[in-house]
Amino acid sequence: MDYIKIKGYKSIKDIHLDLRPINVLIGANGSGKSNFISFFEFLNALQDKRLKEYVAMRGGTEKLLHKGSENTQIIEFETSFGERINGYKASLKLGDEHFIFYDEYLIYRGNKGRDISNFGTEASIKSTDNYRAKYVIKHLNSYRKYHFHDTSKNSPFSQMSNVVNDQYYLYEEGGNLSAFLYNIHENHKVVYNRIIQTIQSIAPYFSDFFFQPNKEDFIRLQWRSKFSSTIYGASDLSDGTIRFIALTVLFMQPKLPSSIIIDEPELGLHPFAISKLAGMIKSVAAKNVQVIVATQSADLVNHFLPEDVITVDQVNGESQFNRLDESDLQEWLDTYSVGDLWQRNILSGGQPNK
């Protein structure tokens, strides 16, 4: 994604943000980081003709409009991919019960191309026969907001998944981690071994996963320790370890998506694991995967360049996004890292006192 323009969505009144291979959002609680991240979920649901369901499951149209329908009636966005060659633009106007697509375009080299508006309640991007749509759909389809927060006894990691139906991509909360890993184990041995080695680097006691699908082809995440013959489950791992396992699989999977979008991946991670996570982020970015991360961790931010970091502040109920400029921080960077500057309240944005 080259850039994104958003108007009228949650705390975002009007932004135009150019995006880089790595985009690390920092800011106080409630600044709007999660709202920005959630917009990519919104786009994914929109292109998949699940917008009405998505809106209903998140509290209705009122919750998505900037400061509610009394102040905002329209959500607009525009984005482009591949050096601004193919793009997508739409305007969604509040109807009686749902949003109505009254403006929807495929963009070519910055200009409005094919008008695909249908004035319906679901997008036309997947229905049009215009050949440019497939390039846009490919990107929008990869916009899944990953968050591996739930590590309770009944978390998604502990659930059964099907080795046939649940093998194609990792689900947003890791509910199919066992089936996804099983497919890597069976078909991508080199990648699987690298995943195991990476997990062992932060959990030396970990030996390997134990895969045994049942007669219905369902499998549960299980593993072995180097120091016992017992078969353990996901709930026997610490919160940080199971999250790191999910992150490792996400970033080291054999067929990487075009984008990885993740909210607070640092939760429960040891500083050494955070360092490993930063390395994985840089590795996939070097392979043309765009990474968008919202974080509260100065330790994670310390691993990135100033231009990778976007500060988020909420001013008078509006989220403001600003990318750091290394030249503005040069006198400090000789002594401090970016995360240190954030902690010391030296950065002009991303602070709770805005």
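Eight salt bridges are counted when the criterion is a side-chain nitrogen of Lys or Arg within 4 Å of a carboxyl oxygen of Asp or Glu. The structure is a predicted model, in which local features need pLDDT of at least 70 and side-chain atom pairs count only at pLDDT 80 or more, while totals for chains, interfaces and linings use all residues. Residues are numbered from 1 along each chain as its sequence is written, and side-chain values use heavy atoms, with hydrogens and water left out.

One of the salt bridges joins Arg-20 and Asp-308, with an N to O distance of 3.4 Å. This pair links distant parts of the chain, 288 residues apart: Arg-20 lies in the loop between β2 (12-18) and β3 (22-27), and Asp-308 in the loop between α9 (298-301) and β16 (309-315). Helices (H or I, at least four residues) and strands (E, at least two) are DSSP runs, numbered from the N terminus. Arg-20 is partly exposed, at 31% relative accessible area, whereas Asp-308 is buried, at 6%; buried denotes under 20%, exposed over 50% and partly exposed the range in between (1.4 Å probe, protein chains only).

In a further salt bridge, the closest N and O atoms of Arg-50 and Asp-48 are 2.9 Å apart. Arg-50 is partly exposed, with a relative accessibility of 28%, and Asp-48 is partly exposed, with a relative accessibility of 28%. Asp-129 and Arg-114 also form a salt bridge, at 3.5 Å from N to O. Here Asp-129 is placed in the loop between β7 (111-115) and α4 (133-141), and Arg-114 in strand β7, 15 residues apart. Asp-129 is exposed at 67% relative accessibility, while Arg-114 is partly exposed at 37%. Salt bridges with shared partners connect Glu-41, Arg-58 and Lys-145 in one network.

Helix α6 (residues 189-202) packs against α5 at an angle of about 125 degrees, with the axes 6 Å apart; axes are lines fitted to C-alpha atoms, for helices over the stretch in contact, and angles run from 0 to 180 degrees between N-to-C directions. The two helices are therefore oblique, a class left over once angles under 35 degrees (roughly parallel), over 145 (roughly antiparallel) and 65 to 115 (roughly perpendicular) are assigned. His-188 occupies the loop between α5 and α6 and is partly exposed, at 24% relative accessibility.

Two residues other than glycine adopt positive phi values: Glu-264, at about 45 degrees, and Asn-345, near 65 degrees. Glu-264 is situated in the loop between β14 (259-263) and α8 (271-285), and Asn-345 in the segment after α11 (338-343).
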